[in-house]
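Here are a few exercises to work through with the model open beside you. Try each one yourself before you read its solution.

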Amino acid sequence: MDVKSTAKTVRYTPRKVRLVLDLVRGKSVEEALAILQFMPNHAATAVAKVVKSAAANATHNHQLNAEALYVKECYANEGVVMKRFMPRAKGNAAQILKRTSHITVVVSDVK
């Protein structure tokens, strides 16, 4: 059975989150959390929260075995983009895009 968890509008760019997600895809939940705990990327903390949430959903809502869970699929889609402006030379303004992500993790108990 597949169980999904999503974190919306996380303040990390999708490109940087995907680098973290590529390392945990296909791993068991325990191994994925161990990898995320020692990663230097700041996005690893947000991904770890989503993995923990998906595992908790599986054990609490669907009574699945916590030791048998693995990360079946995980992806980061683009969320809303906040647009800010910074003053530049000669009275101009440059646009700054502050990107956000929607992080989705799907865990399953059957390989």
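**Exercise 1.** Leaving aside its neighbours within four places in sequence, which residues is T100 in contact with (contact: heavy atoms within 4.5 Å)?

*Solution.* A word on the ground rules: this is a predicted model, in which local features need pLDDT of at least 70 and side-chain atom pairs count only at pLDDT 80 or more, while totals for chains, interfaces and linings use all residues. Residues are numbered from 1 along each chain as its sequence is written, and side-chain values use heavy atoms, with hydrogens and water left out.

Step 1: T100 lies in strand β3, residues 93–108; strands here are DSSP runs of E with at least two residues, helices are runs of H or I with at least four, and both are numbered from the N terminus.

Step 2: list the partners. They are T9, V10, R11, Y12, P14, N77, E78, G79 and V80.

Step 3: look at the side chain. It reaches the backbone oxygen of V80 at 2.5 Å.

Step 4: check the burial. With a relative accessible area of 1%, T100 is buried (buried is under 20%, exposed over 50%, partly exposed in between, with a 1.4 Å probe and protein chains only).

**Exercise 2.** Work out how the strands pair with β3.

*Solution.* Step 1: recall that two strands pair if DSSP finds at least two bridges between them.

Step 1: take β1, residues 2–10, which pairs with β3 in the antiparallel sense over 7 bridges. Here S5 stands opposite V105 of β3.

Step 2: turn to β2, which is joined to β3 by 15 bridges and also runs antiparallel to β3. Y75 has T104 in β3 as its bridge partner.

Step 3: follow the connection. β2 and β3 make a hairpin with 5 residues between them, and K90 in the turn has a positive phi of about 60°.

**Exercise 3.** Which residues of helix α1 (residues 14–24) are buried, and how are they arranged?

*Solution.* Step 1: the buried set is P14, V17, V20, L21 and V24.

Step 1: seen down the axis of α1, these residues fall within an arc of 120°, so they line one face of the helix. The arc is that of the directions from the helix axis to the C-beta atoms.

Step 2: the face turned away from that side carries the exposed residues R15, K16 and L19.

Step 3: find the cover. It includes α2 (29–37), α3 (43–61), β2 (70–87) and β3.

Step 4: just after α1, G26 takes a positive phi of about 90°.

Definitions and conventions:
A polar contact is a pair of N or O atoms within 3.5 Å; within protein, one must be able to donate a hydrogen and the other to accept it, and residues adjacent in sequence count only if both atoms are side-chain atoms. Contact means heavy atoms within 4.5 Å.
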